[in-house]
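Hi,

Here is the structure I promised to pass on to you. Have a look at it first, and then read on for what turned up.

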Amino acid sequence: MENISLSLFRGALYGKLSTIYLESSASGTSFALLLACNQFEPCETVYLEPRKQMCGIVGLLIKPKPLRKQLGRLMVPMFNSMGARGPDSGGCAFFHEPTPASQRRISLLVSDRAYDWPSFEAGLRSTFSETGDTASQLESTENHAVLTTTISPAEIQAWLSAEEPALRVLSVGRSIEVFKDIGHPSEIAERYHFSEVSASHCVGHTRMATESAVTPEHSHPFTAGEDFCLVHNGSLSNPYMLRRKLEREGLKFETDNDTEAACRYLQWRMQQGEDLSIALEHAFEELDGFYTLLMATEDRLSLVRDAFACKPAVVAETDDYVAISSEYRSLAHLPDADQAEIFEPQPEEIYSWAV
Amino acid sequence: MGSVMQTVKLDLQDQTVREVNQFLHDLGPSEGIEQVEILHPQGNHSIAVGMDADVEILIRGHAGYFAAGMNKQARVTITGNVGWSVAENIMSGSVRVKGNASQSAAASGHGGLVVIEGNASNRCGISMKGVDIVVGGSVGHLSGFMAQAGRMVVCGDADPGLGDSLYEAVFYVGGEIRGLGADAREEPMTDADFASVRSLLEHADLKHPLEKFKRVASARTLYHWNTDAQQEY
C-alpha cells in the first residue's frame with residue numbers, strides 16, 4: 001500500500017502538480033501528504049503514513065478509596081483515545097486490594113477464544129484437591145482468566161507446562177491483574193469490560209509494533225516477578241545485550257520484545273534488594289534508546305523518560321487522581337482536567353506516586 | 001460605510017478540527033470577520049494550522065500538537081497549554097500561549113512572534129530561522145538547537161544544552177543558564193541587545209528586569225571543518 005502511495009506521489013510530482021499540502025494529522029507525529037493534482041480527476045488525496053514509533057501509554061491512580069470503583073470508567077476513554085497512537089494491540093494491568101498473604105492472583109491467557117475454562121478448572125481441582133486446595137477461584141472472559149489461589153505460582157506453572165501448555169501466565173501477584181490482546185484498544189477494552197473495573201491504579205498501553213511481532217504475548221504491559229509491570233513507548237537499541245546479560249544470570253524470557261528486556265532488567269535489580277528508584281538510576285546507564293517507561297507495583301506508580309525525552313508524556317494531578325498519558329487529549333474528559341496541575345516529566349527524572 | 005467588527009464562535013464539540021480549519025482557510029478579506037473564537041479544543045491536534053488571513057483567533061482551553069502551525073498573518077491566542085510544536089514553521093503574525101508549551105515550540109519558525117507566557121519544554125526554538133520567541137517562564141533542554149536566525153528571550157531559566165550547534169540566532173536569558181550546548185557562548189550585553197530585549201518584552205506584553213539578561217550566541221567554531229578536532233566537540 002505504501003509503495004502504491006509513493007509511486008502516486010512521484011507521479012504527481014512529475015505530472016502537473018498544482019499544490020502539495022503538508023498536513024499534520026490527528027495521530028500525532030505521523031503525517032499525511034495531501035496532493036491536489038491536475039493529473040487525477042477529481043483531485044486525488046494520497047496519504048503517506050510513515051512507520052513511526054508511536055504507541056500510547058496511559059496510567060491512572062485514584063487517591064480517595066470511595067472513588068476507586070470509577071477507575072475503569074475513567075480509564076477507558078484514555079485508553080481508547082490513545083488507540084490512535086497504537087492501533088494494533090493493547091493491554092492494561094489493574095491493581096486491586098491485595099489478597100490475603102497466602103493467596104495469589106494469576107492472570108492467564110490462551111489463544112483460543114472458545115477455550116473450555118470449566119474443564120480447565122475441573123482439571124486443576126482434581127490435581128490439587130489432594131494438597132487440600134479448596135479455595136481456588138477462576139474468573140474467565142473469553143481467552144483470559146484470573147485464578148485466585150493458595151497453590152504456589154511455581155506449582156501452578158509446573159502443572160500448566162505439563163497439562164495445559166497452551167496457557168500463558170501474564171501476571172502473578174496479590175494485587176495485579178493483566179489483560180492484553182491484539183486488535184484495536186477500544187475492542188479490547190470492551191471485550192474485557194475495562195469500564196467495570198474497580199481498582200486503585202492501572203497502567204495501560206496501546207501498541208504500534210515496530211520491532212517484534214504483533215501477538216498478545218508481545219503486547220504490553222510486561223510483568224516480571226510479582227506485582228510489577230511496565231509499559232514502554234519508544235524503542236531500545238540494546239535489548240539483546242541486556243537479555244544476554246540477564247540470561248547468564250538465569251533469567252528466562254518469553255518473547256523477543258525489547259520492552260520485556262527492560263522489564264526483566266528492572267525486576268532483576270529489585271530482586272537484588274534495590275528499590276525501583278535505584279534500579280532506574282542503573283537503567284539510565286544501561287538502557288540505550290528512546291523510552292518513556294510507566295511502571296506499577298502494588299503500592300506505587302512510577303514514570304521516567306530517557307535523556308533526550310523524545311517520547312511524550314503528560315501528567316495531570318488533582319486531589320482525586322494522578323493521570324498519565326502520551327497526550328493531553330486523552331486526559332481532557334477527566335473531572336476537572338482543565339483545573340489539574342499539568343506537567344511534562346523532565347528527562348532522566350524519576351516520578352513516583354504512592355497509592 | 002465603516003466595517004462592523006464581527007466575531008464568529010466555533011465549537012469543537014460540534015465540529016471536527018478539519019471543518020474548523022477549512023472555515024479558517026476560507027476566510028477572505030471580504031467577509032469582514034475579525035475574530036474567530038474556538039471553544040472546547042480538548043487537547044485536539046492541528047487546530048488553526050495553515051492560517052493565511054489577517055484575523056484574530058482565540059482558542060479557549062488546552063490545545064494538542066501543532067496548534068497554529070505554519071501561521072501567516074493571523075494573531076492566534078491559546079488560553080491554556082499546548083502540546084508539541086506550537087507555531088511550527090510560523091512565517092508571520094503572532095501566536096500567544098497563555099499557559100505552558102510542550103516540546104519544539106516555534107520549531108523552524110521563519111518570522112512573526114511567538115509568546116509563551118508560561119514555560120516551554122525541550123527544544124524550544126529548534127532550528128529557528130528568523131522568528132522572535134519570548135518565553136515568560138523557563139525553557140527545557142536543547143532549546144535553540146541549530147537555531148539559524150531570530151531572537152529568543154527567556155525570562156526564566158534555560159536547561160542544559162542551550163543553543164547547541166547554533167548559527168546566527170541570539171538568545172537572551174533572564175534566569176539561570178544550566179548549561180550551554182556545543183559552540184554556544186555567553187557574550188556581553190550591548191546597548192543594542194538591551195534595546196532588543198526591551199522591545200521584544202514590550203511586544204510580548206511581559207515584564208522582567210532588563211539588567212538580568214545574558215546574551216548567548218554562536219562562537220562560530222563549528223562553521224568550518226577542523227580536522228584536528230577529531231570530531232570531538
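A disulfide, as counted here, is a pair of cysteine sulfur atoms within 2.5 Å. In general terms, a disulfide is a covalent bond between the sulfur atoms of two cysteines. Please keep in mind that the model is predicted.

With that rule, how many disulfides are there over all chains? The count is zero. Take A:Cys92 as an example: the nearest cysteine sulfur belongs to A:Cys202 and lies 4.2 Å away. Because the cut-off is 2.5 Å, A:Cys92 is in no disulfide. A:Cys92 is also buried, with a relative accessibility of 0%. Another cysteine, A:Cys55, counts as buried too, at a relative accessible area of 8%.

Now to the place where the two chains meet. On the side of chain A, 28 residues are in contact with 23 residues of chain B. The size of an interface is often given as the accessible area lost when the parts come together. For chain A and chain B, the buried area is about 1,800 Å², and carbon and sulfur atoms give 50% of that.

What holds for charged and polar pairs? Between chain A and chain B there are zero salt bridges, while eight residue pairs are in polar contact across the interface, both residues being at pLDDT 80 or more. Strand S1 of chain A, residues 17–24, gives the most to the side that touches chain B, with four residues. That side of chain A is made up of 13 nonpolar, seven polar and eight charged residues.

Enjoy exploring the structure!

Notes
Residues are numbered from 1 along each chain as its sequence is written. Chains are lettered from A and ligands numbered from 1 in the order in which they are written. This is a predicted model: local features need pLDDT of at least 70, side-chain atom pairs count only at pLDDT 80 or more; totals for chains, interfaces and linings use all residues. Side-chain values use heavy atoms; hydrogens and water are left out. Contact means heavy atoms within 4.5 Å. Buried area is the accessible area (1.4 Å probe) that two parts lose on being put together, summed over both. A salt bridge is a side-chain nitrogen of Lys or Arg within 4 Å of a carboxyl oxygen of Asp or Glu. A polar contact is a pair of N or O atoms within 3.5 Å; within protein, one must be able to donate a hydrogen and the other to accept it, and residues adjacent in sequence count only if both atoms are side-chain atoms. Helices (H or I, at least four residues) and strands (E, at least two) are DSSP runs, numbered from the N terminus. Ala, Val, Leu, Ile, Met, Phe, Trp, Tyr, Cys and Pro count as nonpolar, Asp, Glu, Lys and Arg as charged, and the others, Gly among them, as polar. Buried means under 20% relative accessible area, exposed over 50%, partly exposed in between (1.4 Å probe, protein chains only).
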